[in-house]
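Please look at the sequence and the structure shown here, and then read the short report that follows.

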Amino acid sequence: MNKLPVISVCIATYNHQEFIAKALDSVLMQRGEFTLDIIVGEDGSNDDTADIVRGYAERYPDSIRAFFHDPRDKLFINGRQTGRKNFLHNLMQAKGEYIALLDGDDYWLDENKLQKQLIILQQHDDLVACGHPAIYVDDNDQQQAGF
């Protein structure tokens with residue numbers, strides 16, 4: 001019998017070829033007393049994002065489940081394409097007791113991030129979510145204030 005993962009990390013990505021490897025590496029570096037289920041929803045990018053995601057899924061088949069969506073399948077809200085279907089599909093695929101969200105152009109700095117949040121949620125069963133401060137970094141890897 002397969003044991004369900006403790007944490008599912010849902011990553012939505014679209015045209016993130018410059019960032020997705022760093023995002024995935026930041027999840028793969030996580031340490032703690034938990035099992036991970038990494039779900040990547042690739043939303044029909046027109047750059048090399050899908051190839052990068054495919055490569056990671058092939059290298060880490062026990063950790064990463066990748067889903068590749070047709071760009072014509074997007075939901076429209078007020079006449080604009082959105083990534084909502086991709087996001088919702090990721091959530092529906094999650095098998096973990098807890099869900100962590102990460103956009104494909106973001107990454108985590110602390111290898112103990114998930115363990116710290118898991119401890120908080122396990123110790124406080126009245127909580128349904130937790131978060132942390134973020135640092136905004138621009139395209140030139142410069143930290144920006146005010147985020």
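## Two helices in contact

Which residues in H1 meet Thr49, Ile52, Val53 and Tyr56 in H2? They are Ile20, Ala21, Leu24, Asp25 and Leu28, where contact means heavy atoms within 4.5 Å. By class, this contact of H1 with H2 has seven nonpolar, one polar and one charged residues; Ala, Val, Leu, Ile, Met, Phe, Trp, Tyr, Cys and Pro count as nonpolar, Asp, Glu, Lys and Arg as charged, and the others, Gly among them, as polar.

This is a predicted model, in which local features need pLDDT of at least 70 and side-chain atom pairs count only at pLDDT 80 or more, while totals for chains, interfaces and linings use all residues. Residues are numbered from 1 along each chain as its sequence is written, and side-chain values use heavy atoms, with hydrogens and water left out.

## Aspartate 103

Aspartate 103 lies in strand S6 (residues 98-103), strands being DSSP runs (E) of at least two residues and helices runs (H or I) of at least four, numbered from the N terminus. Because its relative accessibility is 43%, aspartate 103 counts as partly exposed, a class between buried (under 20% relative accessible area) and exposed (over 50%), with a 1.4 Å probe and protein chains only.

Aspartate 103 touches Ile11, Ala12 and Ala23, leaving aside residues up to four places away in sequence. Alanine 12 is 91 residues from aspartate 103 in sequence, yet their C-alpha atoms are 5.3 Å apart in space.

## Arginine 84

Arginine 84 is found in helix H3 (residues 84-93) and is partly exposed, because its relative accessible area is 49%.
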